[in-house]
Amino acid sequence: MDARQIPIVVVSYNSPALIAQLLSSLRRFYPNPVHVVDGSGDEHVPAIRAAVAPFDGVSLHVQGYNIHHGPGMAWAVEHLPLGSVALFLDSDIVVLRDGFIEALLAELQPQHYGVGGVAYVNREGFDIPYAYGAVPYLHPPCMLCNIEVMKRWPLPIKHGAPMFAPMLALHDAGQSGLLRHLDWTLNDVTPGTAKVYIDHVGRGTVINTQGYHLDEWMAEVRARQAGAPSAPEAAAPPPVAPAALEPPGFNPTVLALIPPGARRIVEVGCSTGGLAQALKAQRPDVQFIGLELDAKAAELARQRCDEVLQLDIESAGPEFFARLQGQDCWVFGDVLEHLRDPWRVLAEVARVLAPGGCVVASVPNAQHWSVQARLNMGFFQYEATGMMDRTHLRWFTRQTLLQLFDGAGLQVDRCQPCMVVEPPMRERALAGVRQMATALGRDPEEAVRDAMPFQYALRAQRPAA
């Protein structure tokens with residue numbers, strides 16, 4: 001495939017100067033056909049036409065309304081003769097030197113969705129550092145894509161992160177490996193960096209047009225974050241409590257349960273080392289060992305932990321536990337529910353704990369009112385994250401959680417219910433919980449108390465003698 005024949009797609013809005021700048025810089029190096037999908041207002045269209053007129057091989061597709069970036073890319077995929085591969089560029093890109101299309105093409109394989117700068121977003125589409133559940137996100141300012149592969153997944157949407165829908169679908173299907181990351185691409189679209197091939201003016205369209213014009217999306221995000229229903233309550237399953245409301249990287253309730261005298265800490269599932277960083281900020285002298293299965297997370301955690309072992313604790317043999325004999329505190333933050341045999345793992349840990357040492361853990365509450373309501377209505381469906389995370393293998397209530405630790409020979413000295421602000425439907429659901437407990441001859445007030453925490457955080461000690 002000739003890199004200089006690959007079609008280029010640009011979505012524009014009310015910014016003729018940006019389009020002229022992009023085309024002028026591109027034509028210094030490349031003769032590629034260009035499709036400009038324009039959503040400008042009527043008063044700006046003449047200037048857009050004048051901006052593209054001096055350049056050969058540029059087709060202008062006036063939409064007559066603000067189509068927005070994501071839908072503009074989707075329109076191009078569905079309606080234009082793009083062939084097998086297309087390059088998507090933001091309208092505020094400036095081409096600095098030859099070779100960038102060739103560099104992208106050299107990495108693109110037939111099975112790939114696309115090549116470009118891959119970073120991470122959360123499930124709302126906001127940029128985040130790498131962590132569990134982070135969604136790999138192919139940034140659209142400069143990406144080379146296989147069109148037929150794009151068509152197999154949801155197309156770009158009207159969103160602050162227009163590639164969010166296809167990226168989330170790829171992530172949830174375990175197919176984010178179809179994305180190919182190139183360091184220089186992410187570098188070149190990031191403000192304040194030394195550029196390799198291109199420059200991203202940096203929200204040039206936003207500055208020129210005074211905003212993304214995505215008020216509806218932001219309002220929807222804010223409503224979800226505030227717990228407001230986006231549809232009639234009867235039309236959707238009960239919301240499940242969030243997995244946690246802690247700052248990125250660690251759970252402050254878990255941090256607070258680590259005893260002040262503990263100096264040798266092991267965290268199972270340390271992710272990127274957020275808990276180690278927070279604990280060492282308070283107590284620089286602690287020795288923190290992290291255990292992590294995910295290779296990328298383990299690599300990042302090594303910057304924060306004294307040692308990181310990349311392994312599956314359920315596959316570890318006796319020599320592994322013998323090596324960690326005598327540690328003061330083991331931490332399982334939202335981990336036990338993911339294990340095939342948490343009973344065996346806890347027993348092994350209890351055996352090698354220092355006398356008087358402890359285990360600190362946080363575990364979602366399977367008795368939460370929203371889970372009971374979903375069971376009652378047949379909505380027990382797994383999800384990508386949260387209480388109904390599809391990777392949860394074991395489920396615990398307060399009572400069975402205490403039994404888990406007792407069976408390992410550990411004495412629970414703290415068990416803290418974790419609450420969040422929840423929607424008004426909770427009170428109606430709790431009334432049902434109360435009625436069911438009464439009908440079955442159980443304590444209704446205890447049933448309600450146990451249905452309110454979304455999570456338990458606890459500490460359990462190995463007896464000193």
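Trainee: Which strand is Asp413 in?
Mentor: Asp413 has its place in strand β15. Strands here are DSSP runs of E with at least two residues, helices are runs of H or I with at least four, and both are numbered from the N terminus. This is a predicted model, where local features need pLDDT of at least 70, side-chain atom pairs count only at pLDDT 80 or more, and totals for chains, interfaces and linings use all residues. Residues are numbered from 1 along each chain as its sequence is written, and side-chain values use heavy atoms, with hydrogens and water left out.

Trainee: Is Asp413 buried, partly exposed or exposed?
Mentor: Asp413 is partly exposed, at a relative accessible area of 36%. Buried means under 20%, exposed over 50%, and partly exposed in between, with a 1.4 Å probe and protein chains only.

Trainee: What does Asp413 touch?
Mentor: Leaving aside residues up to four places away in sequence, Asp413 touches Arg459, Ala460 and Gln461. Contact means heavy atoms within 4.5 Å.

Trainee: What does β15 pair with?
Mentor: β15 pairs with strand β16 (residues 455-461) in the antiparallel sense, over seven bridges. Pairing requires that DSSP finds at least two bridges between two strands. Pro417 stands opposite Tyr456 in β16.

Trainee: What sheet is that in?
Mentor: An open sheet of seven strands with mixed pairing, in the order β12-β11-β10-β13-β14-β16-β15. Its edge strands, β12 (307-310) and β15 (411-418), each pair on one side only. From one strand to the next, the twist averages 15°.

Trainee: Which strands does α16 lie across?
Mentor: Helix α16 (residues 398-407) lies across β14 (358-364), β15 and β16, and runs at about 25° to β16. Axes are lines fitted to C-alpha atoms, for helices over the stretch in contact, and angles run from 0 to 180 degrees between N-to-C directions.

Trainee: Which residues of α14 are buried?
Mentor: In helix α14 (residues 342-352), they are Pro342, Val345, Leu346, Val349, Ala350 and Val352. Their cover includes α13 (318-323), β13 (329-333), β14 and α16.

Trainee: Other end of the chain now. How do β2 and β3 pair?
Mentor: β2 (residues 34-38) and β3 (residues 58-62) pair in the parallel sense over five bridges. Val58 in β3 is the bridge partner of Val34.

Trainee: How many helices and strands does the whole chain have?
Mentor: The protein chain has 18 helices and 16 strands. Of its 465 residues, 52% count as buried.
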